[in-house]
Amino acid sequence: MLRGVRCMMMRGGTSKGAYFLAEDLPTEPAARDALLLSLMGSPDPRQVDGLGGAHPLTSKVAIVSRSSLPGCDIDFLFAQVAVDKDTVDTTPNCGNILAGVAPFALERGLVLAKHPATRVKVRTLNTGTIAELLVETPHGEVNYLGEARIDGAPGTSAPIAVDFLDAAGSVCGSLLPTGRAVDVIHGVACTLIDNGMPVIVMRAADFGRTGHEPRDQLDKDTELKSAIERIRLAAGPMMNLGDVSGKVVPKIALVAEPRAGGHIATRSFIPHECHASIGVFAAVTVATAAVLPGSPAAAVARVLEGRVKTLSVEHPTGEFSVRIEVEGPVEAPVVTRAGLLRTARKLFDGTAFASEAATVALGKA
């Protein structure tokens, strides 16, 4: 008999993933990952035998439970399930999938909903990052309908406000793991930075690109991808990530002067495919880099003055607004808080089934 697992499919921000209760999955990581690979249909570039959508943005998993940390409501483990490889990476976090964690927790009764809105404090187990999400819950029910719009997702939905409380250095150990706003790798000026996501920020012009090319054009640009991968492999140990040849971090962000009324333009690689938009934590991290004097991002960004700044991060399908708060002197600012607006929608709730081979293997584990 095929193994069935309770599952809710949700769109979180500009990603889509399968959401599970931790209690419904194996506790041993190898067995858990084998089950997730089967459920998502990996390895297969089409993921035709599973729930995945044949793209990294639609092959994601959230594993959710009540938090064991005092003061937090929910623990969330993010898993990036490879599409055409049999690997599951729990190194990074994902702010888009995070946006769906609070609604999922409310739907599963892990958190008591309040009228008219409920605050849910979530700890991401991958990195220890803590975020507070505000979800509309009129009369104790999660509301998905509203007028909030985010570029990269069709239509409108109810807003979910996300505030990151301690994202700096969540993966690399510090905001700037080398202690510098600029490092030169293979002749290219880079900012190696982690404000929720390890990212290498570089000027597109340093690669002979405008930074405004269509996403599909950059995704086929093998010369560019080879050059940035060479830098990524060299940056891994510098960012306390070790050998990153088999990891999805650090991500890459090529930046340029804005053209659509925003504050900085981006083309993000995750890390080997050009992103159709930009990830939540990548956007937060790029916005943070833009306020660091002397950085590649600061050289092309149009940053407003003031302690509280809203930066519009342009990407291939629109923009992503990030609100950051800074303290300290202008020449050495300290980012104390970062926030943004996301949306999420419940797509399916039911039972997902693993393949027969996975069911047999798990039965023997």
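Visitor: What makes the space of about 460 Å³ a pocket?

Guide: Happy to start there. About 460 Å³ of space lies in the largest pocket of this predicted model. A pocket is an open set of points, whereas a cavity is one where the probe fits but cannot get out. This space is called a pocket because it is open.

Visitor: Which residues line the largest pocket?

Guide: There are 18 of them, and A82, D84, K85, V248 and H272 lie nearest the centre. Strands β4 (74-81) and β5 (88-89) each give two or more residues to this lining. By class, the lining has 8 nonpolar, 5 polar and 5 charged residues.

Visitor: How do you know that H315 is buried?

Guide: Its relative accessible area is 6%. Buried means under 20%, so H315 is buried. H315 is found in strand β14 (residues 308-315).

Visitor: Leaving aside neighbours within four places in sequence, what is H315 in contact with?

Guide: Its contacts are D151, T266, R267, A276, S277, I278 and F320. They are called contacts because heavy atoms lie within 4.5 Å.

Visitor: Why is helix α5 called mostly covered?

Guide: Of the 11 residues in α5 (residues 280-290), 11 are buried. Among them are V280, F281, T285 and A290. Since buried means under 20% relative accessible area, each of these falls below that cut-off.

Visitor: What makes the largest cavity a cavity, and what is its volume?

Guide: Its volume is about 200 Å³. The lining has 20 residues, of which K60, M197, K251, I270 and G279 lie nearest the centre. They divide into 11 nonpolar, 7 polar and 2 charged.

Visitor: How many cavities of 30 Å³ or more does the structure hold?

Guide: It holds 3. About 40 Å³ of space lies in the second largest cavity, so that one passes the cut-off of 30 Å³.

Visitor: What residue classes line the second largest cavity?

Guide: Its lining has 8 nonpolar, 1 polar and 1 charged residues. The lining includes N143 and E136. Asn counts as polar and Glu as charged, so N143 is the polar residue and E136 the charged one.

Notes:
Residues numbered from 1 in each chain as written. Predicted model: local features only at pLDDT ≥ 70, side-chain atom pairs only at ≥ 80, totals over all residues. Heavy atoms only, no water. 1 Å grid on protein atoms, 1.4 Å probe; cavity = no way out; pocket = protein on both sides within 12 Å on 5 of 7 lines; lining within 4 Å. Helix = DSSP H or I, 4+ residues; strand = E, 2+ residues; numbered from the N terminus. Buried < 20%, exposed > 50% of the residue type's maximum accessible area, 1.4 Å probe, protein only.
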